[in-house]
Amino acid sequence: MGQVTYEEACEYILDIPKFAGKHTLADTKELLGRLTGSRIESKIIHVAGTNGKGSVCAYLQSILRAAGFHVGMFISPHLETMRERILYDGEMIPRESFVKAFELVREESDRQKEKHPSFFEFLFLMGMCYFKEKEPDYIILETGLGGRLDATNAVQNPVLSVITTISLEHTAVLGDTLSQIAKEKAGILKQGVSAVYSAKEPEVIHVMEQTAENAGVPVLEGVTPADYQITKNTGKCIDFSLHNGYYKNDCFSLATGAVYQAEN
């Protein structure tokens, strides 16, 4: 297979579910190491959870960019084009860079056909190749499914782990109780890496605190609806104040009428 067009690259990726077999997170870690070298120098923020992951990633990106940082972001799913999943400073990966990253991952995958990455893993690896080239100050990674075995958990050195609120989802894969699902999400917590989580249910809070303690993780419980007060809602924007012990009546504004976005 020689040089491909953007359309051919997309067609190949869409066909991956037809031939890719099962393999482990260790296989993804090995491929990531081969593609990016010893390590990625960017600071990585890893986001898992059931509800609000996309919003949290978007807010993190906006905050960091407003502070003057360059930000790479890998998210899912996409609506119109796979390029939506790989962003640099809010812009989709260019077609030329998409093809270049595709070629790098495909070439490495071809060397180990029995361990060919899945659709999601392939795009994640492409994203990391692009980010290695662009060298953003921060990379925000959104998990696809779960956390413990998710391809994004192949990264070894995040600076922060974030777990949003959890509810029952993909029970055939993640488990049929909140505790089981929480354990899968908490699988992104790493030794000594600070973490933030949001939870209301006692069983989820227990899992988060226990996992964090076992991993020696500094953990900060996130904001819940009891911690903020909506002071203004025009339908198009909301003002709210925080008062949960970490924040003392700090006031914020969001360009949305969705009250739950205050928690995100």
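How many bridges join strand S2 to S5? Four bridges join S2 (residues 71-74) to S5, and the two run parallel. Strands here are DSSP runs of E with at least two residues, helices are runs of H or I with at least four residues, and both are numbered from the N terminus; two strands pair if DSSP finds at least two bridges between them.

The model is predicted, so local features need pLDDT of at least 70 and side-chain atom pairs count only at pLDDT 80 or more, whereas totals for chains, interfaces and linings use all residues. Residues are numbered from 1 along each chain as its sequence is written, and side-chain values use heavy atoms, with hydrogens and water left out.

S2 and S5 belong to an open sheet of eight strands with mixed pairing, in the order S4-S3-S2-S5-S1-S6-S7-S8. Strand S4 (91-92) and strand S8 (219-221) stand at the edges with a single partner strand each, so one side of each is left without a neighbour in the sheet. Helix H8 (residues 202-215) packs on the sheet and touches strand S6 (158-163), strand S7 (195-197) and S8. The direction of H8 makes about 175° with that of S7; such angles run from 0 to 180 degrees between N-to-C directions, with axes fitted to C-alpha atoms, for helices over the stretch in contact.

S5 also pairs with strand S1 (residues 43-48), in the parallel sense over five bridges. Ile139 of S5 is the bridge partner of Ile44 and also stands opposite Gly72, while Leu141 of S5 stands opposite His46. Five of the five residues of S5 are buried, so the strand is largely enclosed by the rest of the structure. Buried means under 20% relative accessible area, exposed over 50%, and partly exposed in between (1.4 Å probe, protein chains only). In a regular strand the side chains alternate between the two faces of the sheet. Tyr138, Ile140 and Glu142 point one way from S5, and Ile139 and Leu141 the other way.

The largest nonpolar core has 39 residues, of which Ile13, Phe98, Phe124, Met126 and Met128 touch the most other members. A nonpolar core is a set of buried Ala, Val, Leu, Ile, Met, Phe, Trp, Tyr and Cys residues joined through side-chain atoms within 4.5 Å. Among the elements that give two or more residues to this core are helix H5 (119-134) and strand S5 (138-142), and H5 gives the most, with 11 residues.

Key
Contact = heavy atoms within 4.5 Å.
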